[in-house]
Amino acid sequence: MTADPNRAEVVVVGGGATGTSIVFHLAEAGVEVCLLERHSLSSGSTSRAAGGIRTQFSDPLNIAIGLRSVEAFSRFAERPGGEIDFHQVGYLFLLDRPEDVELFEQNVALQNELGVPSRVVEPAEAAKLSPLAGLDGVLAATYCPLDGHASPEAVAQSYAAGARERGATVLTGRPATAIEVTDGRIERVVTDAGPIETGTVVLAAGVWSPELARTAGVDLPVEPVFREVVTTAPVDGLPERIPLTVDFSTGFYFHREGPGLLIGMADRNQEPGFDAPTDPDWLEHVTEVAARRAPAFLDMGIAHGWKGYYEVSPDHNGLVG
């Protein structure tokens, strides 16, 4: 392919972890593929993600995808190559409602059946696994050692580099503005630097995909949900291994991020949408939850904070953790 093609077999829109992965795998399979990213790689939701990687899901398809993902990330240094800071420290879901305990027991049974070594643990074991967790009211927890977290930005950059090595073209600062369709067939993707002829377009732009899909007459049922994440200043004596710990009833979560902690929580009462206002009392609510589920956080200084959008389908699958 040329460095700036005017045609490609497949055009992928979106340079986050998902889009770059798609481009890498297509290029590896010998497909002539071009990636379009309107800003820089991983500049959208990817750079604002918690980086969680898990197999603890409630349906067979997501469990299978989770297992494939863990396998791929475990061998990432070999294929496509690159350091993604993958810490396989596990996911720990804290459960403080009887109905959630019953639900997660069913989930664990399904996960075990499909090869995931998750298990239900008592609060005493949860305290050992996640020493910073506050367990007031916790009835049980679930844990899987396969799960963990990695650097989303490193994943995107490494996949993009691997794709380029395999012949793909990766164009940044190149927004796609429309998909032109004739008689039900895709003809080209319009960009601010001219069209790219193609017969196949993959939209991997997260919450920004529906706008582009509408230019092709397609309605994508994806909505943006606002999320806020903070990282703490360095913490002396922080345990080396801390699972990504999730308080299931509130969606509050934390994991180790370098010498400090990364902490996040979604506002489940906030309406989806780019213009949805944030609750002015939201930080106070997060602090109240943190006092119960990560009390040490109240004595830690905040180093950074950022806001981003999380895409959900109509069933809102994946909102937690």
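Helix 1 and helix 5 cross with left-handed geometry, the near helix being turned anticlockwise from the far one by less than a right angle. The model is predicted, with local features requiring pLDDT of at least 70 and side-chain atom pairs pLDDT 80 or more, whereas totals for chains, interfaces and linings use all residues. Residues are numbered from 1 along each chain as its sequence is written, and side-chain values use heavy atoms, without hydrogens and water.

The axes of helix 1 and helix 5 lie 8 Å apart at an angle of about 25° (lines fitted to C-alpha atoms over the stretch in contact, with angles from 0 to 180 degrees between N-to-C directions). The two helices are therefore roughly parallel, the class for angles under 35 degrees. Residues in contact (heavy atoms within 4.5 Å) include Val23 and Phe24 of helix 1 and Val155 and Tyr159 of helix 5.

Beyond four places in sequence, Phe73 touches Ile53, Ile84, Phe86 and Val155.

Asp247 is buried, at 2% relative accessible area. The Asp247 side chain makes a polar contact of 2.9 Å with that of Arg293 (N or O atoms within 3.5 Å, one able to donate a hydrogen and the other to accept it; residues adjacent in sequence count only if both atoms are side-chain atoms).

Methods: Buried < 20%, exposed > 50% of the residue type's maximum accessible area, 1.4 Å probe, protein only. Helix = DSSP H or I, 4+ residues; strand = E, 2+ residues; numbered from the N terminus. Parallel < 35°, antiparallel > 145°, perpendicular 65-115°, else oblique.
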